[in-house]
Amino acid sequence: MQNGFVESFNGRMRDECLNEHLFDNLRHARQLIAAWRNDFNNHRPHRSLAGMTTAEYANRSEEDQNLNRANLN
């Protein structure tokens, strides 16, 4: 185990996506994985991010950084 976050993500993806579907071909696999990734990043709240989605957290982080830069000037 090299990185707990990566290991956790890999296990979650395997359990929730890869083990749930039989892929007909590579295109089908890419479509289902893209849909799962979109849901994971943009619609699913995460406890470790105080109930925010990763997209909300990323936007909040950018806003916070911009406010901090403005306060320094």
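T53 is buried, at a relative accessible area of 7%, where buried means under 20%, exposed over 50% and partly exposed in between, for a 1.4 Å probe and protein chains only. T53 sits in the loop between helix 2 and helix 3 (54–72); helices are DSSP runs of H or I with at least four residues, numbered from the N terminus. The model is predicted: local features need pLDDT of at least 70, side-chain atom pairs count only at pLDDT 80 or more, and totals for chains, interfaces and linings use all residues. Residues are numbered from 1 along each chain as its sequence is written, and side-chain values use heavy atoms, with hydrogens and water left out.

W36 is also buried and belongs to helix 2 (residues 26–42). Between W36 and L18, 18 residues apart in sequence, the C-alpha to C-alpha separation is 9.8 Å.

The table gives contacts (heavy atoms within 4.5 Å), leaving aside neighbours within four places in sequence.

| Residue | Relative accessibility | Contacts |
|---|---|---|
| T53 | 7% | N41, N42, H43, R44, P45, H46 |
| W36 | 9% | F9, R12, M13, E16, C17, R44 |

The largest pocket holds about 370 Å³ of space. A pocket is an open set of points on a 1 Å grid over the protein atoms alone, where a 1.4 Å probe fits, with protein on both sides within 12 Å along at least five of seven lines; lining residues have an atom within 4 Å of a point. Its lining includes F9, R12, R44, P45, H46 and T54. Helix 1 (residues 4–16) gives the largest share of that lining, 4 residues.

Technical notes. Points joined across faces, edges and corners; volume = space filled by probe spheres on them. Helix = DSSP H or I, 4+ residues; strand = E, 2+ residues; numbered from the N terminus.
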